Each structure stands twice: as structure tokens, then as C-alpha cells.
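Visitor: I am new to this structure. Please take me through a close look at one part of it, and what packs around that part.

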Amino acid sequence: MKIQLNSCDAPRPDHRAITKMLEEMAMMDNGTARETTDILLDGSPVEIEVGGKNTSSAYRALRKLHIDYELLD
């Protein structure tokens, strides 16, 4: 399933938590997850692919981190 991460509305976004969530949910390596987090926090939308069993966990993690998202697929 493809998800577009639009923005992070948290007053003080947790850079490390977002990076860790991307590593686990989108199966990214640490470097790619850090780069993706930087892009998201700079205000640009990011598209990620989430695997089957991680789908419900991904939604919960995105809400917890105050990340606005949109389902693409």
C-alpha cells in the first residue's frame, strides 16, 4: 500500500521517532529514513510503501507522530 506523507503538524517533531517509524514500517535503511524524514520536516510530501502486516500499525504511528497522510493505493 502506498501512503503519501504530507506534513508533520507536531509543535516539536521527534526526528528520531519519525526516522525509526520509517525504518520499521516502510522497510528503509537508516540513511534513507533520515533523508526522508528531513524532506518531510522541510515541508515536502513524501511517498512510502507499507507492507501488509504493518498497515494498521503504520496508521497508528502516523497519528501518534502528528503526520498528515493520504492513501494512494
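Guide: Strands E1 (residues 2-8) and E2 pair in the antiparallel sense, over four bridges. This is a predicted model. In the pairing, Lys2 stands opposite Glu49 of E2. Strand E2 covers residues 46-49. One face of E2 is covered and holds Val46 and Ile48.

Ile48 leads on to the core. The largest nonpolar core has 21 residues. Those that touch the most other members are Ile3, Leu5, Ile18, Met21, Leu22, Ile48 and Ile67. In soluble globular proteins, nonpolar side chains tend to be buried together.

Now look at H1. Its buried residues are Ile18, Thr19, Met21, Leu22 and Met25. Seen down the axis of H1, they fall within an arc of 160°, so they line one face of the helix. These buried residues pack against E1, H2, E2, H3 and strand E3 (67-71).

Take Ile18 by itself. Leaving aside residues up to four places away in sequence, Ile18 touches Cys8, Pro13, Thr37, Leu40, Leu41, Leu65 and Ile67. Ile67 and Ile18 are both among the core residues that touch the most other members.

Last, follow the chain just past H1. There Met27 takes a positive phi of about 55°.

Conventions:
Residues are numbered from 1 along each chain as its sequence is written. This is a predicted model: local features need pLDDT of at least 70, side-chain atom pairs count only at pLDDT 80 or more; totals for chains, interfaces and linings use all residues. Side-chain values use heavy atoms; hydrogens and water are left out. Buried means under 20% relative accessible area, exposed over 50%, partly exposed in between (1.4 Å probe, protein chains only). Helices (H or I, at least four residues) and strands (E, at least two) are DSSP runs, numbered from the N terminus. Two strands pair if DSSP finds at least two bridges between them. A nonpolar core is a set of buried Ala, Val, Leu, Ile, Met, Phe, Trp, Tyr and Cys residues joined through side-chain atoms within 4.5 Å. Contact means heavy atoms within 4.5 Å. The arc is that of the directions from the helix axis to the C-beta atoms.
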